[in-house]
Amino acid sequence: MSDTQSSASPLPCAPGFDSTLALQQKGYDFIRNRSQQMDTDMFETRLLLKPTICMVGREASEIFYDETKFK
């Protein structure tokens, strides 16, 4: 990240108001497909109307399996 880039820069947002139905239809492929379509490793969406961050890749899986980061 450059010195001029804010650490609070917004994440790309998935299209649509809520992605719950798309997740139900696509299953595990949902996040991978959206990431490829949006050309990003991390994006924001809504699932069950709640803001949700989706991530792909090795670093994302390391964060996901770190029990200190989730309840």
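Modeller: A residue is called buried when its relative accessible area is under 20%, and exposed when that area is over 50%. Bear in mind that this is a predicted model.

The helix to look at is H2, which spans residues 29–38. Its buried residues are Phe-30, Arg-34 and Ser-35. These three lie on the same side of H2, because the arc they cover around the axis is only 125°. The partners of the buried residues of H2 are helix H1 (20–26) and strand S1 (42–47), against which they pack. Just past the end of H2 comes Asp-39, with a positive phi of about 55°.

The structure has two aromatic pairs. One of them joins Phe-30 to Phe-43 in an edge-to-face arrangement, with 6.5 Å from centre to centre and 70° between the planes. This pair links distant parts of the chain, as Phe-30 sits in helix H2 and Phe-43 in strand S1, 13 residues apart. Phe-43 is buried as well, at 0% relative accessibility. The other pair consists of Phe-64 and Tyr-65, whose ring centres are 5.1 Å apart; their planes stand at 90°, so this pair too is edge-to-face. Phe-64 and Tyr-65 are both exposed.

Leaving aside residues up to four places away in sequence, Thr-52 touches Phe-43, Glu-44, Thr-45, Arg-46 and Leu-47. A polar atom of the Thr-52 side chain also lies 2.9 Å from the backbone oxygen of Lys-50.

As for the setting, the protein chain contains three helices and two strands, in the order α-α-β-β-α along the sequence. It has 71 residues, of which 20% count as buried. Among the contacts in the chain with a separation of 6 or more, 48% are between residues 24 or more positions apart. The chain exposes about 6,100 Å², and 54% of that comes from carbon and sulfur atoms.

Technical notes. Residues numbered from 1 in each chain as written. Predicted model: local features only at pLDDT ≥ 70, side-chain atom pairs only at ≥ 80, totals over all residues. Heavy atoms only, no water. Buried < 20%, exposed > 50% of the residue type's maximum accessible area, 1.4 Å probe, protein only. Helix = DSSP H or I, 4+ residues; strand = E, 2+ residues; numbered from the N terminus. Arc of directions from axis to C-beta. Contact = heavy atoms within 4.5 Å. Phe/Tyr/Trp six-rings, centres within 6.5 Å; stacked < 30°, edge-to-face > 60°. Polar contact = N/O pair within 3.5 Å; in protein donor to acceptor, adjacent residues only side chain to side chain. Areas by Shrake-Rupley, 256 points an atom, 1.4 Å probe, with all protein chains shown as cover.
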